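Please keep the sequence and the structure in view while reading.

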Amino acid sequence: MDKNIEKLCKNLDLIEEKIIVLQEKQQNLESLQNLMELSTEAKLSITALKNELDENLVTLKKHYKTLKKQMEYQQLLILNLMEKVDQLQVKQVAPRIALHPIADSQNVNPNTKSTIMAENTPLRMKITDYENSPFISRRKPVQLQFLDFEAHISVEDFAAIPSYMKGRESLDELRSFLEQTLITCFTDKYTLMCKKRDAVRNPHDIEMWKVYNQQKGDFPHKYFITEGDLSRKLGKLVDKKINNKLQMLRHLNIIKEMRKVKTIYYIWNVASE
């Protein structure tokens with residue numbers, strides 16, 4: 001009899017414990033439901049905020065492009081005016097220079113200084129703007145930096161290049177090759193190619209001008225150089241080390257390599273803004 005009573009007591013204790021657990025579980029379920037509702041509201045708010053930020057970003061990009069074009073146009077106008085001012089100053093200052101060949105740099109006219117600085121500063125513009133500018137008709141060389149040939153290799157980009165491809169090449173070496181050799185080669189080619197025939201006087205430049213314009217139809221609406229162009233820029237044949245750099249730039253989608261007949265073409269693959 002005592003044993004039965006003990007069993008009943010134990011069963012009653014278990015039932016009480018289960019009732020308590022069930023009550024706590026019900027409370028937890030209600031709390032979880034509230035949390036889920038709050039989470040859903042938070043997701044909706046975040047989505048709405050993201051959409052608003054995306055719309056603002058699109059608007060800002062449009063404003064940026066518009067302002068950039070306006071600044072480039074104003075830069076063209078300023079440079080044209082400065083060139084005319086420079087021509088007038090040369091006519092006025094030339095007799096004084098003849099009388100005083102050794103001049104103190106501190107006594108130079110501030111306007112003349114600014115003109116010299118402007119001449120040493122590359123003119124930034126798109127190739128399409130250059131084609132419609134007065135510079136293509138002038139024999140005097142102009143320092144240019146085409147916005148069409150802008151690319152940057154970040155630390156993350158360089159780290160993503162396979163080790164077997166990089167070898168001992170450093171990020172600085174690859175950047176230097178891109179900016180000082182490859183982009184300069186593209187710039188030199190299109191600076192000469194877009195000029196009017198009458199503005200080209202050097203016999204070598206005339207021959208290259210003819211070659212460049214004959215190649216226009218090889219890849220319409222694309223900017224490219226050939227292996228021969230790059231060799232002339234380097235002053236030597238494209239060797240294994242240079243090919244390795246080109247391979248890394250292809251891996252980063254900065255250029256593409258194409259072959260036609262026996263000619264190797266390097267096509268610029270970065271879209272300009």
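Two strands are said to pair if DSSP finds at least two bridges between them. The model discussed here is a predicted one.

## The three-stranded sheet

Strands β3, β5 and β4, in that order, make up an open sheet of three strands with antiparallel pairing. The edges are formed by β3 (224–226) and β4 (255–260), each of which pairs on one side only. Ignoring direction, neighbouring strands of this sheet are turned against each other by 25° on average. In general, strands of a sheet pair through backbone hydrogen bonds, and the pairing may be parallel or antiparallel.

## Bridges within the sheet

β3 and strand β5 (residues 263–268) are joined in the antiparallel sense over three bridges. Two positions illustrate this pairing: T226 stands opposite Y265 in β5, and I225 stands opposite Y266 in β5.

On the other pairing, β4 and β5 run in the antiparallel sense over six bridges. Here I255 has W268 of β5 as its bridge partner. The two strands β4 and β5 form a hairpin with two residues between them. In the turn, V261 has a positive phi of about 55°.

How many residues of β5 are buried? Five of the six residues of β5 are buried, and the strand is mostly covered.

## Helices on the sheet

## The packing of α6 and α8

Helix α6 (residues 171–193) packs with helix α8 (residues 227–234) at an angle of about 110°, and their axes lie 10 Å apart. Angles of 65 to 115 degrees count as roughly perpendicular, and α6 and α8 are therefore roughly perpendicular to each other. Their crossing is right-handed.

On the α6 side, the contact is made by Q180, T181, L182, T184, C185, D188 and K189. On the α8 side, D229, L230, K233 and L234 take part. Sorted by class, the contact of α6 with α8 has four nonpolar, three polar and four charged residues.

## The surroundings of α8

Which residues of α8 are buried? They are D229, L230 and S231. These buried residues of α8 pack against α6, α7 (203–214), β3, α9 and β5. Just after α8, G235 takes a positive phi of about 75°.

## A buried lysine in a loop

K126 lies in the loop between β1 (123–125) and α3 (127–131). Is this residue buried or exposed? The term buried applies under 20% relative accessible area. K126 has a relative accessibility of 18% and therefore counts as buried. Although K126 and F146 are 20 residues apart along the chain, their C-alpha atoms are separated by 5.3 Å.

Notes. Residues are numbered from 1 along each chain as its sequence is written. This is a predicted model: local features need pLDDT of at least 70, side-chain atom pairs count only at pLDDT 80 or more; totals for chains, interfaces and linings use all residues. Side-chain values use heavy atoms; hydrogens and water are left out. Axes are lines fitted to C-alpha atoms, for helices over the stretch in contact, and angles run from 0 to 180 degrees between N-to-C directions. Helices (H or I, at least four residues) and strands (E, at least two) are DSSP runs, numbered from the N terminus. Angles under 35 degrees count as roughly parallel, over 145 as roughly antiparallel, 65 to 115 as roughly perpendicular and the rest as oblique. A crossing is left-handed if the near helix is turned anticlockwise from the far one by less than a right angle, and right-handed if clockwise. Contact means heavy atoms within 4.5 Å. Ala, Val, Leu, Ile, Met, Phe, Trp, Tyr, Cys and Pro count as nonpolar, Asp, Glu, Lys and Arg as charged, and the others, Gly among them, as polar. Buried means under 20% relative accessible area, exposed over 50%, partly exposed in between (1.4 Å probe, protein chains only).
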